[in-house]
Structure formats: structure tokens, C-alpha cells
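Visitor: Please put the model on display, and then we can go through it by question and answer.

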Amino acid sequence: MNALAATNRNFRLAARLLGLDSKLEQSLLIPFREVKVECTIPKDDGSLASFVGFRVQHDNARGPMKGGIRYHPEVDHDEVNALAQLMTWKTAVANIPYGGAKGGIGCNPGELSISELERLTRVFTQKIHDLIGAHRDVPAPDMGTGPQTMAWILDEYSKFHGHSPATVTGKPIDLGGSLGRDAATGRGVLFATEALLNEHGMSISGQRFVIQGFGNVGSWAAQLISEQGGKVVAVSDVTGALKNEKGLDIPSLVNHVNENHGVKGFHGGDEMDPNSVLVEDCDILIPAALGGVINRDTAKDIRAKFIIEAANHPTDPEADEILAKKGVVILPDIYANSGGVTVSYFEWVQNIQGFMWDGDKVNAELHKYMTRGLKGVKDMCRTHNCDLRMGAFTLGVSRVARATLLRGWEA
Ligand SMILES: NC(=O)c1ccc[n+]([C@@H]2O[C@H](COP(=O)([O-])OP(=O)(O)OC[C@H]3O[C@@H](n4cnc5c(N)ncnc54)[C@H](O)[C@@H]3O)[C@@H](O)[C@H]2O)c1
């Protein structure tokens with residue numbers, strides 16, 4: 001199912017559980033603003049190349065809109081729309097004062113040089129600078145982008161609007177980034193997994209994990225999980241897949257990936273078919289790459305008991321039904337990967353205060369938010385007799401609906 005159709009379906013199910021007024025339901029689904037821009041740049045060889053960029057601002061009832069910018073060949077209008085909507089529910093589940101947005105450029109960053117990426121990012125920023133800002137819409141990194149991308153956006157934005165570090169989060173520390181932001185989504189995944197396992201009388205130590213995706217989120221989740229005694233038995237990325245029943249040596253794998261730009265060629269494990277990573281035998285599966293990978297075809301063969309959605313919308317609604325029948329517990333994306341946006345919020349707060357927190361404070365606050373988040377989701381599960389995905393959706397949607405009604409949306 002297309003990402004937008006799947007997200008809309010989950011929203012509508014939540015709206016029904018909450019008994020939302022049908023006009024309010026309709027209004028919450030419609031994005032606030034959708035922008036599509038052509039970004040034309042000179043390539044290093046002197047030729048011209050054009051790329052399509054998007055920024056979708058979904059909702060701002062609870063605060064400035066917030067969401068990542070993705071550089072990937074599959075970025076399209078529907079996917080960015082779905083991701084923007086998910087951000088609205090995610091910031092509400094995390095209970096931080098933001099709305100939701102998402103952006104992206106349809107490109108393959110691996111095929112562009114650093115100077116081409118810089119030109120592309122600056123052209124994109126020139127086209128959207130008057131629509132973003134610390135109190136309007138605050139971008140952050142996502143797939144294919146990182147602190148350097150945020151530094152270029154900040155620099156280009158500042159040419160028009162002056163020094164404004166709170167305009168983007170996920171910046172390098174030297175430009176006002178927060179300690180702990182780089183690891184935050186992976187650390188949030190660790191805290192969310194711990195909180196869920198505690199509910200089941202279990203802990204991370206001794207559990208066997210499989211992780212799809214070994215970029216920012218997947219590699220940090222792997223490092224932190226292995227530090228807690230979890231065994232990462234298989235990983236994959238765009239270059240290939242590896243397994244080791246005894247547990248991969250994650251610090252060595254991280255060094256290998258830093259030097260070789262991928263997991264391929266690492267000697268501490270056996271190569272395996274990347275397509276079978278999701279169905280590899282394990283206790284806990286962590287998709288940390290693309291959306292839609294757990295679908296009707298893959299769900300029936302999944303052997304994990306728990307799925308922690310580090311990626312955005314990795315699970316299709318059809319797969320949700322198949323996995324529920326198999327008794328697999330799914331911790332949904334809008335809670336499980338909210339550690340990134342939560343520490344982005346801490347970064348924004350530090351920029352506005354002009355006061356830098358130490359790393360221990362960032363991590364302790366993140367732990368508080370993630371633990372409180374699961375409690376809120378579980379309370380909604382009990383109230384509406386639903387699974388964790390609907391618990392998270394009803395929590396997020398109810399908070400946004402309340403803010404919308406308080407503002408007086410019908411005038
Ligand atoms: N970065 C964040 O703070 C953040 C926050 C919340 C959610 N997310 C989500 O987490 C996911 C990963 O984001 P990231 O920031 O780690 O991106 P990234 O670009 O740092 O890493 C992406 C990883 O996925 C791998 N990958 C790409 N295609 C693949 C494929 N077909 N099969 C297996 N692996 C593949 C890449 O090789 C890379 O290892 C995305 O869904 C993103 O939306 C990221």
C-alpha cells in the first residue's frame with residue numbers, strides 16, 4: 001500500500017476510535033501547505049542538472065512545524081506528504097510543542113560530489129527560505145542528509161534573515177547543535193525497546209536483534225544495544241548484509257562502515273542475502289532504513305517476536321494484520337523513533353535560550369520523554385482496547401484535535 005494511503009488509513013481508524021467529528025477529521029488530514037520546487041545546479045563537469053524538491057507542512061496547531069529533509073531517489077509527493085503527517089502525530093505523542101512537516105529532494109546523494117550536494121542544498125534553501133524559520137518550520141536531517149546539510153541550510157538561510165541557529169536542528173555542535181543529537185534517534189530506540197521489554201518482564205541483555213539499515217539510526221541503535229548486552233546477529237545496508245549467530249562485533253563493524261561506506265566486506269560475519277534479513281531468526285527486528293519493507297509478502301515469514309520501528313512507516317497495514325495474528329508486538333514509528341525529534345526540540349530550546357546543556361542532561365531528559373511516551377501510549381491502548389500503533393495514533397491525534405478545537409478552527 002502506498003505510504004500516504006497507509007498513513008491516512010491509520011489516521012482514520014484512530015479518528016473513529018476517538019469519535020472525532022467528521023469535519024474535524026477531514027480538516028486534520030489536509031496539509032497546511034505543500035511546496036514543490038525545481039532545483040537546477042551546474043554539475044562539476046559543467047553540465048546542468050535539475051532535481052525536484054518538496055516541503056510539505058502538515059499541521060501547526062501545537063507549534064512550529066518540524067520534520068526532516070530526505071535526499072533519496074524515491075522521494076516523491078505522496079511519500080513526503082505521508083511523512084509530514086506522521087511528524088504531526090509523532091511530535092504530539094512525544095508531547096513537544098511542534099506540528100509536523102517533511103521535505104526532500106529526489107536525488108541519489110551517493111552519485112553527487114560534496115560541492116554538487118552543497119549547491120543543491122543552497123538552491124533548495126533559496127527557494128523555501130521564506131517558508132521556514134525557528135517559529136514557522138524547523139528542518140532536520142533524515143535519510144541521505146546530516147549535520148553538514150543542516151550547516152549549509154543554516155548558512156544560506158542566514159544570508160536572508162541574519163543569524164538564526166534555531167532555524168534547523170541536527171546541526172554540527174560548532175554551529176549550535178546539541179550534544180547527543182547525532183545518537184538521539186538510536187538512543188531513543190534503545191530507551192523505547194527497554195521500556196517495552198520491561199512491560200514484558202524482559203531486558204535487552206541476551207536478546208537477539210536483527211537491524212535493517214546501518215546509517216545514523218541503525219548504527220547508533222546497534223552500538224547502544226550491544227553495550228547493554230543485546231546480541232546483534234544480522235545487519236544489512238544498501239551495500240549488502242551480514243550475519244553472525246554469536247553476535248557481530250559492532251564497534252569493529254562501525255569502524256569498517258566509516259572506512260568503506262557500507263557493511264560489505266566486513267570479515268566478522270558471513271555474507272547473506274539482503275532480502276532475507278527481515279525474516280532472519282531473532283527475538284527483536286529493527287527496520288531502520290526504508291518505508292514499506294514489512295508488507296504482505298515479507299510479514300508471513302517474519303520470525304521476530306517484537307518489531308521496533310526505527311524507520312518511518314516500515315510496516316504496511318496488511319502486514320500489521322498478518323503480524324497481529326501471529327502475536328508479534330510492534331512498537332510503532334511515531335513513538336519508537338521519536339528520540340530524534342525530541343532531542344531536536346532540546347537543541348531548539350538551547351538555541352533560543354542561548355544556553356548549552358551537557359550530554360548527560362540531554363540523555364536523561366530523553367529517557368524521561370521516551371518512558372513517559374510509552375506510558376501515554378499504553379494508557380490509550382487500555383482506554384480504546386487497541387494495539388500499540390492505534391494507542392500511539394489515538395494519543396497523537398487526540399492532542400492535535402484538542403489544540404485545533406481550542407484555537408477555534410471553524411471561523
Ligand atoms: N535521522 C534521524 O534522526 C531519524 C529520525 C526518525 C526517523 N528516521 C528514519 O530512520 C530511517 C533511517 O534514517 P537514517 O537517518 O539512519 O538514514 P541514513 O541515510 O543515515 O541511513 C540509511 C541506511 O539505510 C540503508 N539502506 C538504504 N536502502 C536500503 C535497502 N534497500 N536495504 C537495506 N538498507 C538500506 C543505507 O545503506 C543506510 O545504511 C529512515 O526511515 C528515517 O526516516 C531517522
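Visitor: At what angle do the axes of helix α6 and helix α13 cross?
Guide: Helix α6 spans residues 181-199 and helix α13 residues 359-384; helices are DSSP runs of H or I of at least four residues, strands are E runs of at least two, and both are numbered from the N terminus. Axes are lines fitted to C-alpha atoms, for helices over the stretch in contact, and angles run from 0 to 180 degrees between N-to-C directions. The two axes come within 9 Å and cross at roughly 45 degrees.

Visitor: What numbering and what confidence limits apply here?
Guide: Residues are numbered from 1 along each chain as its sequence is written. This is a predicted model, in which local features need pLDDT of at least 70, side-chain atom pairs count only at pLDDT 80 or more, and totals for chains, interfaces and linings use all residues.

Visitor: Are α6 and α13 parallel, antiparallel, perpendicular or oblique to each other?
Guide: Angles under 35 degrees count as roughly parallel, over 145 as roughly antiparallel, 65 to 115 as roughly perpendicular and the rest as oblique. The α6 and α13 axes cross at roughly 45 degrees. The two helices are therefore oblique.

Visitor: Is the crossing of α6 and α13 left-handed or right-handed?
Guide: A crossing is left-handed if the near helix is turned anticlockwise from the far one by less than a right angle, and right-handed if clockwise. For α6 and α13 the crossing is right-handed.

Visitor: Which residues make the contact, and how many of them are charged?
Guide: Two residues are in contact if their C-beta atoms, placed from the backbone, lie within 7 Å. From α6 come A184, R187, G188, F191, A192, A195 and L196, and from α13 come N363, L366, H367, M370, T371 and L374. Ala, Val, Leu, Ile, Met, Phe, Trp, Tyr, Cys and Pro count as nonpolar, Asp, Glu, Lys and Arg as charged, and the others, Gly among them, as polar. By class, the contact has eight nonpolar, four polar and, as charged, one.

Visitor: How are α7 and α8 oriented to each other?
Guide: The axes of α7 (residues 216-227) and α8 (residues 250-260) come within 9 Å and cross at roughly 160 degrees. That makes the pair roughly antiparallel.

Visitor: Which residues of α8 does α7 meet?
Guide: α7 passes α8 in a left-handed crossing. On the α7 side the residues are S219, A222, Q223 and S226. Their partners in α8 are I250, V254 and V257.

Visitor: Which strands stand at the edges of the open sheet?
Guide: The sheet has seven strands in the order β9-β8-β7-β6-β10-β11-β12, with mixed pairing; two strands pair if DSSP finds at least two bridges between them. Each edge strand has a single partner, so one side of each is left without a neighbour in the sheet. The edge strands are β9 (270-272) and β12 (329-331).

Visitor: Which residue in β8 stands opposite D237?
Guide: β7 (residues 231-237) and β8 (residues 240-243) pair in the antiparallel sense over four bridges. Opposite D237 stands G240.

Visitor: Which element gives the most residues to the shell around the ligand?
Guide: The ligand is surrounded by 24 residues (C-beta atom, placed from the backbone, within 6 Å), and the closest are G215, D237, V238, A311 and G340. The shell divides into eleven nonpolar, eleven polar and two charged residues. α7 and β7 each supply at least two of its residues. The most, three residues, come from α7.
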